[in-house]
Amino acid sequence: MESKRLLRAYNSCPVGLRDIPLVSISEFRETLIRNVAQGARLAALFGRPHEPNTLRVLAVLARGSEGTLFIVETEVSDCYPALTVDCPQAHWFEREVAEQWGVRPEGHPWLKPIRFHHSYRLGRDAWARAATEVIQPSMTDFFQMAGEEVHEVAVGPVHAGIIEPGHFRFQCHGENVYHLEISLGYQHRGVERAMIGGPNHRSAHYMETLAGDTSIGHMTAYCQAMEALTGYTVPGRAHVLRAVALELERLANHTGDIGALAGDVGYLPTAAHCGRLRGDFLNLTALLCGNRFGRGFVRPGGVVFDLDTNQAGILLDRIGRIYQNVTTAVDLLWKTPSVVARFEKTGRLPRETCEELGLVGPAARACGIERDVRYEFPSGTYTLSHIPVATGETGDVFARAYVRWLEIQRSVAFIQEQLEMLPCGPIRVGTGDLPPERLVVSLVEGWRGEICHVALTDAQGHFAHYKVVDPSFHNWMGLAMALRDQQISDFPLCNKSFNLSYCGHDL
Amino acid sequence: MLKELVARWKLGYGTIPFPAKEPILPDRYRGCPVVDAARCPGQCRVCAEVCPTGAVKVSADGLHLDLGRCLFCGECETACPVNAIRFSREYRMSARRRQDLVLSGTGMATAQALDAQMKRPLGRALRLRQVNAGGCNACEADTNVLTTVVFDLGRFGIQFVASPRHADGILVTGPVTENMKPALIKTYEAVPTPKIVIAVGACAIAGGPYAGHKEVHDGVESILPVDLYIPGCPPHPIVILDGLLRLLGCIGK
Ligand code: SF4
């Protein structure tokens, strides 16, 4: 990465706002396009209001092979030449910038709202809608196909099961899906905007509920950011307990996902067992802190609840038994040829597409890409203890399921190892006020993939901006691509193999 | 088939004996808070200050805790210097009336069964359509878990159905975002009358962590009449199950 005009940074190491290079839009574009072509990935790209009439667009590039991040900014007014044309990874980010700030990325091939709300800057709207106009979700142009026997299927926001709301449009020819378009925003609660001016007594709760199945993941990212900004060192014991909670979150969700995948192909034994075993993992999190989703466990400065030797022993004993049961339940799947046949070659995502879109998490690893924050940008305990990255090859439903299974095995081993050598000492230190005009990027490998938080402070040491990039933000387009040329009846299976967050995306 | 049977034998029977026996809850479980208003001298108000959602109020007539707003974070318990608020292990805390959720130290009136007029069309079964109107997927997950073998909701005659037209009511989670309001109303309208509405979680009752945001409507009540409130963030599955069974008159008679 040769450009001098990029600020080098690391996971959870703050930088001064004034040190971020401000470059022209053409240099900005050129730098991002070149670096992404050379293997960097766009971890975040967002607008932040600067002067009343200018918007700064800030990019965070992640270069996993070196464990480094690069930050650069530019200034735009009403419009600028879209990056997406030359850098597809930017496509969803640019739609977000357009929607939030009323700036048009000219030439964007697919410029539509992603959350369906009014622009944050009064009087500016990327689609020239009046401030008084009622904005309704999914009221936009959908990509359409015409021709004989071509038909469109629209599903959602209310789906058949107990799942989050989203709208899906399929362009089909018979059973065959030519294209799927996903329209979200139903869960939009205004998280990022509410963070501004904080931290306050609600901030932690926003973090724990912005994607409620990832409470530990997002809360850890937030705490890492806070601790990095204030310069407090979290005790080793707290780091280990956080990692244990993060892996338990992964275990519960991966187990639930494998069960649900089995359910989607009608193989009920694994579905039933895993549904129950997922709950057993959630109960281990409840053993830590009283709440099955880990609410109230992680807080800035450390963790709130300790684990004494006796409790650690109970946890170890229970996790061993649950793991045995999960092995029994999951082995059934791999030994049932009709299940494996349904998983194989379904929803296949080529590795190149995955690279081009900058996907993260198990979806990326299933395509053979070694992308894992715990390995590339480790923080906390992961700097000392490594979890081998689990990858697949085929990029299909099978690979996404199998990567989860590998990760279950490795997370269990990791937790067992960590609890055997739990460091002594306190579990929490106090944190102080935030310093003014700093920026920090905090990365955590949640169970869905890379969680990226970017916190910026103002002159008074309050949050001037708080950006959250849930892994789903990167990956929804991956699901859309995986559906191409599939049977529409395979949608539930493909969807579950990604299992993305609606609220984590909608914020 | 043999391997499935062997696995079933290895994994054993997994359904809990609730409500015949008391449920096993985690040691650190934060259940229904107990308000001991007599202990509160009424001056410091630290509990009200630390509460993220304004659930705790100290006024001239004493200390009040609104379970409907409570996130069960326990901050007030930690902050109170005289232990006037304590989180108990009580899981029976759903209510039929909103005001019953406001605790002032005089005990709580838990949910009563539906009246005869509503029960007749229901018989002994309850079919619900779940609507997530901005929920974070934790309330949804712990509702969904009731359908697993652990809770085996079906044995009580309760079932989640795909179509609102097949439902006796809706179970709503989330603060009702502006973007989900139309879908929520349409789903409700599609349910044949008489119908019931169940609000699960702090969000659905009063907006939860998102109360006051302009993107949300601070709970279902602002839009639809609510028949049962189940507090928590999220409520433990047992809390939800207990609420549903009370509504049907299976327990708490
Ligand atoms: S009440 Fe809590 S757990 Fe339930 S949806 Fe709201 S934030 Fe999530």
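Which strands of chain A does helix α14 lie across? Helix α14 (residues 471–482) of chain A lies across β10, β11 (176–183) and β17 of that chain. Keep in mind that this is a predicted model.

- The strands under discussion belong to an open sheet of four, ordered β9-β10-β11-β17 in chain A, and the pairing is antiparallel.
- β9 (150–155) and β17 (486–487) of chain A stand at the edges with a single partner strand each, so one side of each has no neighbour in the sheet.
- Strands of a sheet pair through backbone hydrogen bonds, and they can do that in parallel or antiparallel fashion.
- Here, β9(A) and β10 (residues 167–173) of chain A run antiparallel and are joined by six bridges.
- If you want a spot to look at, find A:His151, which stands opposite A:Cys172 in β10(A).
- Back to helix α14 of chain A: it runs at about 160° to β11(A).

**Where chain B meets chain A**

- Chain B puts 59 residues into the contact, and chain A puts in 59 residues too.
- Between them, the two chains bury about 4,600 Å², with 56% of it on carbon and sulfur atoms.
- On the chain B side, B:Leu11, B:Arg28 and B:Asn179 lose the most area to chain A, and together they make up 18% of what that side buries.
- There are 28 residue pairs in polar contact across the interface of chain B and chain A.
- Which elements of chain B give two or more residues to the side that touches chain A? They are α1 (2–11), α2 (46–50), β6 (126–132), α5 (138–144) and α6 (181–190) of chain B.
- Sorted by class, that side of chain B has 30 nonpolar, 16 polar and 13 charged residues.

**Salt bridges**

- Side chains of opposite charge can pair when their charged atoms come close.
- Over all chains, the structure holds 39 salt bridges.
- Two salt bridges are found across the interface of chain B and chain A.
- A:Arg292 and B:Asp142 meet through their side chains in a salt bridge, at 2.9 Å from N to O.
- Within chain A, the side chains of A:Arg5 and A:Glu27 form a salt bridge at 3.2 Å, N to O.
- That pair links distant parts of the chain, 22 residues apart: A:Arg5 is in the segment before β1 (7–9) of chain A, while A:Glu27 is in helix α1 (residues 25–37) of chain A.

Technical notes
Residues are numbered from 1 along each chain as its sequence is written. Chains are lettered from A and ligands numbered from 1 in the order in which they are written. This is a predicted model: local features need pLDDT of at least 70, side-chain atom pairs count only at pLDDT 80 or more; totals for chains, interfaces and linings use all residues. Side-chain values use heavy atoms; hydrogens and water are left out. Contact means heavy atoms within 4.5 Å. Buried area is the accessible area (1.4 Å probe) that two parts lose on being put together, summed over both. A salt bridge is a side-chain nitrogen of Lys or Arg within 4 Å of a carboxyl oxygen of Asp or Glu. A polar contact is a pair of N or O atoms within 3.5 Å; within protein, one must be able to donate a hydrogen and the other to accept it, and residues adjacent in sequence count only if both atoms are side-chain atoms. Ala, Val, Leu, Ile, Met, Phe, Trp, Tyr, Cys and Pro count as nonpolar, Asp, Glu, Lys and Arg as charged, and the others, Gly among them, as polar. Two strands pair if DSSP finds at least two bridges between them. Axes are lines fitted to C-alpha atoms, for helices over the stretch in contact, and angles run from 0 to 180 degrees between N-to-C directions.
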